[in-house]
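Please look through the sequence and the model first, then read the points below.

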Amino acid sequence: MNQKVLKLENLLRFHTVFRQLHSLGQRRILAQWNHVFSSAYPVWTAQLCIRPWQTDPLIGAALSQYRLLVTKKEERSQKSQLFSTKSKKEVEVWIGMTIEELARAMEKDIDYVYEALMNTAIDIDSLEAHSRLDEGRIKEVVKMMGMKLKWSKLKQDKIRENKDAVRRPQADPALLTPRSPVVTIMGHVDHGKTTLLDKLRKTQVAAMEAGGITQHIGAFLVSLPSGEKVTFLDTPGHAAFSAMRARGAQVTDIVVLVVAADDGVMKQTVESIQHAKDAQVPIVLAINKCDKAEADPEKVKKELLAYDVVCEDYGGDVQAVHVSALTGDNLMALAEATIALAEILELKADPTGPVEGTVIESFTDKGRGPVTTAIIQRGTLRKGSILVAGKSWAKVRLMFDENGKIIHEACPSTPVGIVGWRDLPSAGDEILEVESEPRARAVVDWRKYELEQEKNKEDLKVIEEKRKEHQEAHQKAREKYSNMHWKERSFLKYQEKKEQKSSKSKEKEERDSHVLPVIIKGDVDGSVEAIVNIMHTYDASHECELELVHFGVGDVSENDVNLAETFRGVIYGFNVNAGNVIQKSAAKKGVKIKLHKIIYRLIEDLQEELSSRLPCILEEHPIGEASILATFSVTEGKKKVPVAGCRVQKGQLEKQKKFKLIRNGDVIWKGSLTSLKHHKDDISVIKTGMDCGLSLSEEKIEFQVGDEIVCYEEKEVPAKTSWDPGF
């Protein structure tokens, strides 16, 4: 009994000691163990306590288990501390960073990012190293890598200082000096605009133009007999150059609207009036071709009333001058009317300070490189000036007038050719002078950066839309397979992949045959822009897709040929050349090069090329017609076959051709004949006026007296595109 009580007391004391050992073990202060046993309990207690866990196997096992647990816990604590130290690595990220940038920020290989993205709904095949990720994807990747996220408030290059160049404030009126007017000649195609200018500056521009149509904007300084100087802009009147005419109106002071007296107001006449009104520019009306017998100037004036162009004869403020550009009649009166209007406008400009102007036209010259025709609007341009225009800059090496004569300075209202551009600016770009080349580079870099930022925003929108689409598709797929056995699911996925491969190959074949990739090369920027604008009116993508692969200024190059070979496209050149070496290379690679000098011929050729990509149309060509006079049936074996007794009214019926049955104007059957008889004889052809009996391949069709039978054949006819470019 005493032994049992002693054992119980020892167990109770063991429990107390165990708890103390546990608390001491957590703090890892092993030196206090002796102190616990000596101070907390009497010596006899320690002696009693030694015995149980030395002799009792239960107590010994408990203590050994405790020591093992404490050791493991300490190891886990050390490991967790080590892991937490590693996982505390922060990754600085920003919205819109690319896959490559994210991998660099995490100090990982780019494959790690792809592996993390495989577990998301995003389409991995559509991603490249430069593809941008949205906020959600960045969070997922960093989390899967066991790292902490730190959002950068702004990417370092997003806080760049705005270094753009801008126009100067308005000049002090006291510094302004009189300047020559900038006059734009506008009107419909072939109404005599270039011929009129021809007479004014006594040159032969019209004779040099292909097809008699002005292909570019020409800027010319004309000295009149009175001593006055006028800068004329000759804008193309063709429908293709609407954008070019709009630019002409934006840099001009006066618009001379040319309308042919024998033709009246036309489509481009109305557009020219609208451009002048939008630019708030006054109009002088030149009624041309008044020397013709069918000329009717009064009709022109009345037609213009509908467009709020009211001539002085009708109580308005628009001067109307009757001229003949061909004979030169009354041209001086037109010039005087223009000068008088310019005096009323009191045109002035500031000839001092940095230059401001507008690019009228740009092109690449083989000997000079990129060249622009510009109108100076403020300041005086001199050799050595540093200019920026759009995303290009120049140090002026050479300046020349409309006749190619070298000039040393250009004042306001002066048209000038500028050589020295690093890249080709676009027609309509604003020209600004800056103080140095580093400043010019900074301006161009800033403008390129702004353009890139805009593009990035658009890319992010597209990425987000694609992500949502993939997420929805992924969710639908999961719902579709959720209730299936894994074997059924695997088999169904295999079938779907097989179908997708076959459908993709078919789609690729159809796409290759129903897509026309095009490369456009032109001599000047304005011409290329006009052609591209026409292509933007293309509205027949359901027939054949028109794909603009590349466009640029200059002759056809080897790079153009390689690009066309890659995309299986066609190269269209306008007023450019393709050397023998280039043409041989293109022929070897199976690339078409089509060169044109007149813009509407190029567009017609493009229409033909589009039409050639369309599948042929089956057209029905009637061979003969017959009317049904009687119906009856004949027995063939065990069935009765309906037979129509007919008389051929027109042409002939041929048994091997196709037939259709018409009732009350509606086609109720198409097919072939099973028999064609004249009396009791089987024949292959029945001619006009002869009677016959015939039966159809469709036995369920019932004949009625008065029905018509038409014999026809189908012929494949080349299809034509429905695209109408407007001329």
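Strand β19 (residues 515-522) pairs with β20 in the parallel sense, over 8 bridges. Two strands count as paired if DSSP finds at least two bridges between them; strands (E, at least two residues) and helices (H or I, at least four) are DSSP runs, numbered from the N terminus. This is a predicted model, in which local features need pLDDT of at least 70 and side-chain atom pairs count only at pLDDT 80 or more, while totals for chains, interfaces and linings use all residues. Residues are numbered from 1 along each chain as its sequence is written, and side-chain values use heavy atoms, with hydrogens and water left out.

- Contact here means heavy atoms within 4.5 Å.
- How many residues of α16 (residues 525-535) are buried? The count is 9 of 11, and the helix is mostly covered. Buried means under 20% relative accessible area, exposed over 50%, and partly exposed in between (1.4 Å probe, protein chains only).
- Among the buried residues of α16 are Asp525, Val528, Ile531 and Met535.
- Asn575 lies in the loop between β21 and α18 (580-589). Although Asn575 is not a glycine, its phi is positive, at about 60 degrees.

**The barrel**

- A barrel is closed by 6 strands in the order β11-β12-β17-β15-β14-β18, with antiparallel pairing.
- On average, neighbouring strands of this sheet are turned by 50 degrees against each other, direction ignored.
- Strands β11 (residues 356-365) and β12 (residues 369-378) run antiparallel and are joined by 9 bridges.
- Asp365 has Gly369 of β12 as its bridge partner.

**Strand β1**

- In a regular strand the side chains alternate between the two faces of the sheet.
- A parallel pairing with 4 bridges joins β1 to strand β2 (residues 148-151).
- Opposite Val93 stands Trp151 of β2.

**Charged residues and a loop**

- The side chain of Arg663 makes a polar contact of 2.8 Å with the side chain of Asp707. A polar contact is a pair of N or O atoms within 3.5 Å; within protein, one must be able to donate a hydrogen and the other to accept it, and residues adjacent in sequence count only if both atoms are side-chain atoms.
- Beyond its neighbours within four places in sequence, Arg663 is in contact with residues including Ile668, Glu702 and Phe703.
- Glu714, in strand β31 (residues 708-717), is partly exposed, with a relative accessible area of 34%.
- The side chains of Glu714 and Lys658 are joined by a polar contact of 3.1 Å.
- Leaving aside neighbours within four places in sequence, the contacts of Glu714 also include Leu618, Glu619 and Glu620.
- His679 lies in the loop between β27 (673-678) and β28 (681-682), and has a positive phi near 60 degrees. His679 counts as exposed because its relative accessibility is 70%.

- The structure holds 0 disulfides (pairs of cysteine sulfur atoms within 2.5 Å).
- Cys311 is buried, with a relative accessible area of 0%, and Cys711 is buried with a value of 0%.
- The protein has 19 helices and 31 strands, and buried residues make up 41% of its 727 residues.
- Among contacts with a separation of 6 or more, 71% are between residues 24 or more positions apart.

Conventions: Axes are lines fitted to C-alpha atoms, for helices over the stretch in contact, and angles run from 0 to 180 degrees between N-to-C directions.
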